[in-house]
Amino acid sequence: ISDGIKRRATSALLTLEKASRNSQPVQYLERQIPSLDATRVCVSFAEAKFGRLFFKPITIPARIWISWKGTRAWKQLNNTKSSSGTTSSTITS
């Protein structure tokens with residue numbers, strides 16, 4: 001990742017941290033749970049959200065590919081079972 005992107009991401013996170021200090025939900029959380037650093041919770045949420053958005057173009061095609069491979073393997077397994085498991089059994093009455 002280039003230095004420019006790192007600087008912009010750091011700047012955005014610092015701006016978010018400053019803005020979250022004045023946020024009513026953050027102040028509410030800090031009042032309700034004094035031991036919780038609500039600003040850090042907001043920054044962690046933003047980092048996680050950014051990470052998921054950043055990796056989404058990779059993970060979605062990977063999930064589709066894994067599902068496709070799994071479906072093919074499952075069908076092949078079922079075809080193998082059905083072809084090897086069938087024997088000619090006659091029912092006599």
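Predicted model: local features only at pLDDT ≥ 70, side-chain atom pairs only at ≥ 80, totals over all residues.
A pocket, on a 1 Å grid over the protein atoms alone, is an open set of points where a 1.4 Å probe fits, with protein on both sides within 12 Å along at least five of seven lines, and its lining residues have an atom within 4 Å of a point. Residues are numbered from 1 along each chain, and side-chain values use heavy atoms, without hydrogens and water.

**View A. Lining of the largest pocket.** The lining comprises 12 residues, of which Ile5, Ala9, Leu13, Phe50 and Gly51 lie nearest the centre of the largest pocket. Two or more lining residues come from each of helix H1 (3-21) and helix H3 (38-85), helices being DSSP runs of H or I with at least four residues, numbered from the N terminus. H3 contributes the most, with 6 residues.

**View B. Stacked pair of Phe50 and Phe54.** These rings form a stacked aromatic pair, 6.2 Å centre to centre with 25° between the planes (centres within 6.5 Å; planes under 30 degrees apart are stacked, over 60 edge-to-face and the rest tilted). Because Phe50 and Phe54 are 4 residues apart in helix H3, about one helical turn separates them.

**View C. Edge-to-face pair of Phe54 and Phe55.** The ring centres of Phe54 and Phe55 lie 5.1 Å apart and their planes meet at 85°, so this pair is edge-to-face. Phe55 is partly exposed at 43% relative accessibility (buried is under 20%, exposed over 50%, partly exposed in between, with a 1.4 Å probe and protein chains only). Phe50, Phe54 and Phe55 make up one aromatic cluster.

Note on methods: Phe/Tyr/Trp six-rings, centres within 6.5 Å; stacked < 30°, edge-to-face > 60°.
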